[in-house]
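Visitor: Could you walk me through this one, beginning with the sheet and then moving on to the charged pairs?

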Amino acid sequence: MAANGSGKTTLLKILAGKETYDEGNLSFRKGIRISYLEQHPLQGVDASIMDVLFESDVPLMQTVKRYEQALERVQRDDSPQAQNELTKAIAEMDVHNAWNYESNVKEILGKLNITNLQQNVSSLSGGERKKVALCMVLISHSEVILLDEPTNHLDIKMIEWLEDYLSKSNQTLLLVSHDRYFIDKVSTDIYELDNCEINKYFGNFAYYLEKKAERQQQAAAQHAKAKNLYKKELEWIRRMPQARGTKSRSRIEAFERLQEPVSQKVEQESLDFSVKTQRIGSKILEINNISKTYGDKTVIQDFSHIYKRGDKIGIVGTNGCGKTTLLEIITEKTKADSGKVVLGQTVQIGYYTQNTPKEKPDTKVIDIIKRSTDSILLADGSRLSASQYLTHFGIPPQKQFTDYSLLSGGEKRLLFLLSILITNPNFLILDEPTNDLDIYTQMKLENFLDQYTGCLLVVSHDRHFLDRICSQLFVFEGNGKIKEYPFTYSSYIEQEKEKQREAQLAEKVKESSKQENQKNKTAPAKRKLSYKEQREKEEIEKLLPELEKQKQELEEKLNQGEMTHEQLTDATLLYQKLSEEIEEKELRWLELSE
């Protein structure tokens, strides 16, 4: 855990042996295997995915590689020679008992949507290379794995699968991530890199925030105490004559030791601010029956929506489903095959894309921001200078006058985002805004967008960000179908899980009924219920309608979208509890009825 540019990636590179360190010692157990996922991996690699995945000299991985190659050859050329190679490969798989390993590899490849193993890595996009590198790490079966932003470029389903996979693994894991839900699911401890020092927190992200706040308060109190003592001692130093005794000398040395803690910077929580957005009319954005197809693939099919003032909508879906295409159609960078998009005359769009614009390496950071404006107008009528604005979002003055080339990847992405926000658009369209941003910057961005009075349309795989900012969703369900949900992401997930539970229950009832019909043909008459069982069945029949009514009323409240974030969280938990209780009662009633 650390701010962008603090040295998180450098630390991982040192541990992985990719970078040297100036001093100190680093030791590992003899023979231990370590795998490292870089933030931007496999650049400049000219080899097939197959060769990259199984480049290790571990015999098990080489066995699986020979089997995969023999299998692919048979599919292309069913000659006796190819069949002979496959037979040998199968025998070798049996000898090494590699079938479980091979199925594990297949599962990982499938979950990360890696299908063509003969494709050259050099032809892949940055996100595809990241997934191939992640797959390499996961199939390596190393005792220690180092992951630098593993969830970047993964859609939500992939992230949830990776969470489950890593949480069940017995490997030692050290990761850099900005995904708070992901951190909570897979991590037991949090290490914070702050001012070149590492602070340890043995708990989840909520515990970390609590203890970090306590540490900051304690540090601020100690700093204030040292500062007051320093002032008193400074007055004594100035009053004392030049000739001083031994006792005075010890006091002087104590004064000199005070200078270091007093000069240290104490971290303080910066104030939130609300910007004054440009006036927006009643007509904002109308999407009328748009469709878009690429070849045989339909990504958007007959989609319509009318934006209202203050709408903050999140877009979710699998990679490649058409989320970015929808944004490109709205911003007129791509043309729809049919339908039209109508923007209101007062709408000023700020569009943040996944592609960071190129800048001259020697351009000063502050000059990039000042191209748009020297200051930003706040809601109270005051102005915040470009320098103060950058400082608020974590780019301090000493970095503002450095060359653009010296910024980290995350800092460059942040600068691009800030160059859009400072223009005060009244309609923000953001494509993966939290990618490469550290958690502290994300929290400031969330506070900014929470107070933002304009309209928002955002594509994101960050579930915490979606829950915090968006009260509505556009969900890409496949084959061009986009469905609107008037509630948060967590509520949407709970509803989807409830649908799955109901489908599973219906399947169980159907299967149970089928088995019962088969039993009735040969089985003797059913025994009668006992008095106690009959009373229990009657109680369930009375209780079920009441529970269903409570669930329906709660669902209507969730769909109204008028709850606060805290109320939505409580309501979602209650909705889940009611659903589980209903399922339990239905199963018990079914058991008694049988």
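Guide: What follows is a short talk about a predicted model.

Visitor: In what order do the three strands of the open sheet come?

Guide: The order is 1-2-3, with parallel pairing. Strand 1 (34–37) and strand 3 (172–176) each have a single partner strand, so one side of each is left without a neighbour in the sheet. From one strand to the next, the twist averages 10 degrees.

Visitor: And how many bridges join strand 2 and strand 3?

Guide: Five bridges, in the parallel sense, with strand 2 covering residues 144–148; leucine 146 stands opposite leucine 174 of strand 3.

Visitor: What lies across strand 1 and strand 2?

Guide: That is helix 6 (residues 126–139), which runs at about 165 degrees to strand 1.

Visitor: Switching to charges, how many salt bridges does a search of the whole structure find?

Guide: The search finds 22, and one of them joins glutamate 536 to arginine 588, with the closest N and O atoms 2.8 Å apart. Glutamate 536 belongs to helix 19 (residues 531–560) and arginine 588 to helix 20 (residues 565–593), so the pair ties together parts that are 52 residues apart in sequence.

Visitor: Lysine 537, then: buried or exposed?

Guide: Lysine 537 counts as buried, because its relative accessibility is 16% and the cut-off for buried is under 20%.

How values were computed
Residues are numbered from 1 along each chain as its sequence is written. This is a predicted model: local features need pLDDT of at least 70, side-chain atom pairs count only at pLDDT 80 or more; totals for chains, interfaces and linings use all residues. Side-chain values use heavy atoms; hydrogens and water are left out. Two strands pair if DSSP finds at least two bridges between them. Helices (H or I, at least four residues) and strands (E, at least two) are DSSP runs, numbered from the N terminus. Axes are lines fitted to C-alpha atoms, for helices over the stretch in contact, and angles run from 0 to 180 degrees between N-to-C directions. Contact means heavy atoms within 4.5 Å. A salt bridge is a side-chain nitrogen of Lys or Arg within 4 Å of a carboxyl oxygen of Asp or Glu. Buried means under 20% relative accessible area, exposed over 50%, partly exposed in between (1.4 Å probe, protein chains only).
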